[in-house]
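Subject: Structure handover

Hello,

Please find the structure below, with the sequence. My notes on it follow.

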Amino acid sequence: MQNIYEIQMDRNIPQSEIRRKRIFNIIKIAVAAVVVIGGIAMTVDWLQSRVKRSSLNICTVDSGVIEASISAYGKVVPAFEEVINSPIDTRIVEVYRRSGDSVDVGTPLLKLDLQSIENDYRNLQNEEKMKCYQMEQQEINTKTALSDMAMQIKISEMKLNRLLVDYRNEQHLDSLGSGTADQLCQAELAYIIARLELEQLKQRYAAEQKVKAADMKVKQLELEIFRKSMEETRRTLEYARLRSPQKAVLTYINTQVGARVAKGEQIAIVADLDHLKIECE
């Protein structure tokens, strides 16, 4: 029986059977591809949006000119203008220019009453000189005081050296039996006291140097702060002379001679009329 089965298994498959199986496999692949493509097409079709033809209004367009009126408001203004304000409370003394005049950089516009601020600035200058003299005087006094203390230290060192010699002499005499214990004690005590006095004097000298140096730094800082304040007053005084900050046209100026003006009040306006812009709504 086994041999019969082996003979049947070794038998060749007919060509018709092979073609039939090959066609069957091709049909299965084609059906699977059709199913996949159809699924993709249905998904894409479902995701696309549609508009019903009944919701559209279709009409014929005529060619021609479209006209519309728009209400607007606009004005031509300078591209750049600068307002000049009074830096102090004062009054107008003289007027040098009028509205519409062309001015260059530094051209005087008005003269204000600057007597008060000029007096303040002169007082600040005098006070600065006084502070400088005080600093010089303090520096001289400091050098003198420190020099005196340094001289005292030298004298104390010489005195200490002399007492040290006396103390050693008493020690030598005591070792020879020529001296007395009382004299030796007095010489030792005098030497110790002189040595402590010298140390104390050196400590005072070092502390005095630090104190004088700190005092001088404080004075220098006060002088710097004072000079900054004085420089601010000088700038205010210079600005109060009211000169044109640039080459432009004077579009406004207060021409009321004798009128009082407050600090920050508008006095003049200069504008660059070579460059314009339009402000509109």
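I start with a pair in a helix: because Arg234 and Glu231 are 3 residues apart in helix H4 (residues 181-239), about one helical turn separates them. Helices here are DSSP runs of H or I with at least four residues, strands are runs of E with at least two, and both are numbered from the N terminus. Before going on, note that this is a predicted model, in which local features need pLDDT of at least 70 and side-chain atom pairs count only at pLDDT 80 or more, while totals for chains, interfaces and linings use all residues. Residues are numbered from 1 along each chain as its sequence is written, and side-chain values use heavy atoms, with hydrogens and water left out.

Salt bridges

The side chains of Arg234 and Glu231 form a salt bridge, at 2.6 Å from N to O. The term means a side-chain nitrogen of Lys or Arg within 4 Å of a carboxyl oxygen of Asp or Glu. Side chains of opposite charge can pair when their charged atoms come close. Arg234 has 31% relative accessibility and counts as partly exposed; Glu231, at 29%, is also partly exposed. For these labels, buried means under 20% relative accessible area, exposed means over 50%, and partly exposed lies in between (1.4 Å probe, protein chains only).

Glu231 has a salt bridge with Arg235 as well, where the closest N and O atoms are 3.8 Å apart. Both residues lie in helix H4, 4 residues apart, or about one turn of the helix. Arg235 is partly exposed at 42% relative accessibility. Glu231, Arg234 and Arg235 belong to a network of salt bridges that also takes in Glu232.

In total, the structure holds 10 salt bridges. Another of them links Lys143 with Glu139, and its closest N and O atoms are 3.9 Å apart. These two residues are both in helix H3, 4 residues apart, again about one turn of the helix. Lys143 is exposed, with a relative accessible area of 55%, whereas Glu139 is partly exposed at 39%.

Helix H3 spans residues 115-176 and also contains Gln138. Gln138 is buried, with a relative accessible area of 18%. Apart from neighbours within four places in sequence, Gln138 is in contact (heavy atoms within 4.5 Å) with Asp215, Met216 and Lys219.

The sheet

Four strands make an open, antiparallel sheet in the order E1-E7-E5-E3. Strands count as paired if DSSP finds at least two bridges between them. Strand E1 (74-85) and strand E3 (102-103) are at the edges with a single partner strand each, so one side of each has no neighbour in the sheet. Strand E5 (residues 248-253) and strand E7 (residues 266-280) run antiparallel and are joined by 4 bridges. Within E7, Ala271 stands opposite Val249.

Cores

A nonpolar core is a set of buried Ala, Val, Leu, Ile, Met, Phe, Trp, Tyr and Cys residues joined through side-chain atoms within 4.5 Å. The largest such core has 24 residues, and Leu109, Leu110, Leu114 and Ile253 have the most contacts inside it. At least two residues of this core come from each of strand E2 (90-95), strand E4 (110-112), H3, H4, E5 and E7. A second, separate core has 11 residues, among them Ile153, Tyr167, Leu184 and Leu198.

Leaving aside neighbours within four places in sequence, the contacts of Leu110 include Ile92, Leu242, Ile253 and Ile267. Leu242 is in the loop between H4 and E5 and is buried, at 3% relative accessibility. Leu242 is not a glycine, yet has a positive phi of about 50°.

Other points

Val257 lies in the loop between E5 and strand E6 (260-261). At 54% relative accessibility, Val257 is exposed. Beyond neighbours within four places in sequence, Val257 touches Ile92, Val93 and Val95 under the contact cut-off. The C-alpha atoms of Val257 and Ser147 are 64 Å from each other, and the two residues are 110 apart along the chain.

Val31, in helix H2 (residues 15-47), is partly exposed with a relative accessible area of 47%.

Regards
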